[in-house]
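Dear colleague,

Please find the structure below, together with its sequence. After it come my notes on what was found, with the criteria given as each term comes up.

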Amino acid sequence: MPSVSCGTLLGDIEDIVSQEDSKPQDRHFARKHVVPKVRSYLQEEPRPPSDSTIPGIQKIWIRTWSCSHNNSDGEYMAGQLAAYGYKITENASDADLWLLNSCTVKNPAEDHFRNSIKKAQEENKKVVLAGCVPQAQPRQDYLKGLSIIGVQQIDRVVEVVEETIKGHSVRLLGQKKDGGRRLGGARLDLPKIRKNPLIEIISINTGCLNACTYCKTKHARGNLASYPIDELVERAKQSFQEGVCEIWLTSEDTGAYGRDIGTDLPTLLWKLVEVIPEGAMLRLGMTNPPYILEHLEEMARILSHPRVYAFLHIPVQSASDSVLMDMKREYCVADFRRVVDFLRERVPGITIATDIICGFPGETDQDFQDTVRLVEEYKFPSLFINQFYPRPGTPAAKMEQVPAQVKKQRTKDLSRVFHSYTPYDHKVGEVSGGAFSRLSLPHSAALVKATSYFLLAACCANNFPMHVDISQWPDFRKKITLHPLCW
């Protein structure tokens with residue numbers, strides 16, 4: 001095509017076409033002689049790798065063992081996964097992934113945990129492990145190749161589940177720290193799916209200050225690390241706004257709260273009492289005797305508050321000072337008696353729960369009989385009786401053990417003592433004007449039976465947990481869902 005100067009005036013567009021340019025008919029003729037090139041098709045590409053799996057659409061089954069602290073962690077993990085898009089299912093066989101939240105307190109709990117892992121693998125389920133067992137001993141053979149979310153890393157559960165679904169193995173076992181100081185754990189304002197929508201379980205601290213020779217939980221939860229008071233108060237406010245009517249405070253030892261951050265348990269409790277709305281209640285979890293001794297007067301006033309349950313869980317473990325010394329419990333039986341006697345005198349109707357370990361190494365028949373007499377004397381309405389199990393890696397596991405048959409027999413004997421008394425006989429026929437906790441029942445209800453076997457808990461007029469037989473009210477039974485107590 002000839003070049004045309006920009007300054008040349010064209011009369012018509014056809015002026016730029018020369019004689020040498022091909023005509024339209026020539027180009028049409030040339031198309032008849034074009035031979036299309038055959039494309040060489042490649043073989044079908046292989047299936048995309050597991051990395052291409054779309055996370056956030058799978059079904060997840062969550063199983064939690066043991067304490068209230070563990071239950072709260074499980075609720076937090078469920079809330080985060082649901083918020084991301086995963087479906088939390090109650091049907092294990094229908095789930096794509098199992099999240100197993102373990103307990104390391106006793107051998108049976110870990111055995112159940114191990115068996116669940118095996119079952120998940122047999123059913124080709126993806127598995128993520130959580131809780132105290134993998135945190136304390138992540139290198140156990142049966143945990144090899146499996147994803148683990150540490151007890152202080154539950155705010156990253158979505159990441160771990162996402163990578164596990166893709167086929168990867170992820171382990172997050174680190175500690176939360178701020179300026180070198182260990183924190184209580186993940187943020188308290190994370191999304192949560194409560195097992196009971198009316199109860200909020202708040203962990204006020206993690207770890208403890210003790211070094212009990214039988215305890216494996218210390219290996220997982222570590223030393224004491226408390227949440228700041230303002231964060232705990234904000235969590236309580238948020239929970240009440242979401243419709244919660246009970247706050248349960250939990251930790252490995254609530255009595256030690258605040259010692260690492262320059263405060264104490266009574267200070268926290270008074271701040272929480274200020275934000276409890278009308279009709280709601282606060283319940284305090286387990287505290288060891290040494291730390292509650294310092295605050296007996298203040299604790300008695302708090303437990304007498306109309307919006308605080310007159311309930312306290314104080315483990316004694318044994319009524320033998322020599323056994324307590326071998327356990328390194330840092331108190332004697334007289335200290336425990338002083339706490340219980342003082343609170344029973346100052347807080348009328350208070351419920352004291354306690355724990356007993358039967359068959360601790362070195363426990364003699366006389367030691368055990370001392371424990372039996374303590375139970376007979378105080379008639380604890382809530383008593384946790386545990387046969388001793390030596391946990392690997394603990395000092396007690398290396399001590400000379402009490403024969404298994406003796407431990408079993410002592411456990412049976414103490415259980416028989418517990419079931420021999422009825423701590424609520426004095427309440428038979430009494431009518432309470434209080435509102436029932438977690439139930440919609442009339443404002444007056446007669447206690448028609450008192451026994452050590454319980455159906456449900458009710459908040460009575462004198463403000464302590466009461467166990468009630470509702471078999472006489474069939475209409476009510478149709479309208480309610482019973483919730484097991486986690487005392």
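Helices H2 and H5 cross in a right-handed sense, where right-handed means that the near helix is turned clockwise from the far one by less than a right angle, and left-handed anticlockwise. This is a predicted model, in which local features need pLDDT of at least 70 and side-chain atom pairs count only at pLDDT 80 or more, while totals for chains, interfaces and linings use all residues. Residues are numbered from 1 along each chain as its sequence is written, and side-chain values use heavy atoms, with hydrogens and water left out.

The axes of H2 and H5 (residues 157-165) come within 9 Å and cross at roughly 65 degrees; axes are lines fitted to C-alpha atoms, for helices over the stretch in contact, with angles from 0 to 180 degrees between N-to-C directions. Helices (H or I, at least four residues) and strands (E, at least two) are DSSP runs, numbered from the N terminus. On the H2 side Met77, Gln80, Leu81 and Tyr84 meet Val157, Val158, Val161 and Glu162 of H5, contact being heavy atoms within 4.5 Å. These contact residues divide into six nonpolar, one polar and one charged (Ala, Val, Leu, Ile, Met, Phe, Trp, Tyr, Cys and Pro count as nonpolar, Asp, Glu, Lys and Arg as charged, and the others, Gly among them, as polar).

A right-handed crossing is also found for H7 and H8, and there Ile229, Leu232, Val233 and Ala236 of H7 touch Thr267, Leu268, Lys271 and Leu272 of H8. The axes of H7 (residues 229-241) and H8 (residues 265-273) come within 10 Å, at roughly 30 degrees.

H2 (residues 68-84) also gives the largest share of the lining of the largest cavity, namely four residues. Of the 17 lining residues, the closest to the cavity centre are His69, Asp73, Ile154, Ala186 and Tyr227 (on a 1 Å grid over the protein atoms alone, a cavity is a set of points where a 1.4 Å probe fits but cannot get out, and lining residues have an atom within 4 Å of a point). The lining comprises seven nonpolar, seven polar and three charged residues.

Lastly, there are nine aromatic pairs, counted when ring centres of Phe, Tyr and Trp (its six-membered ring) lie within 6.5 Å, with planes under 30 degrees apart taken as stacked, over 60 as edge-to-face and the rest as tilted. Trp65 and Phe113 form an edge-to-face pair, because their ring centres are 5.9 Å apart and their planes stand at 85 degrees. Trp65 lies in the loop between strand S1 (59-64) and H2, and Phe113 in helix H3 (residues 107-122), 48 residues apart.

With best wishes

Conventions
1 Å grid on protein atoms, 1.4 Å probe; cavity = no way out; pocket = protein on both sides within 12 Å on 5 of 7 lines; lining within 4 Å.
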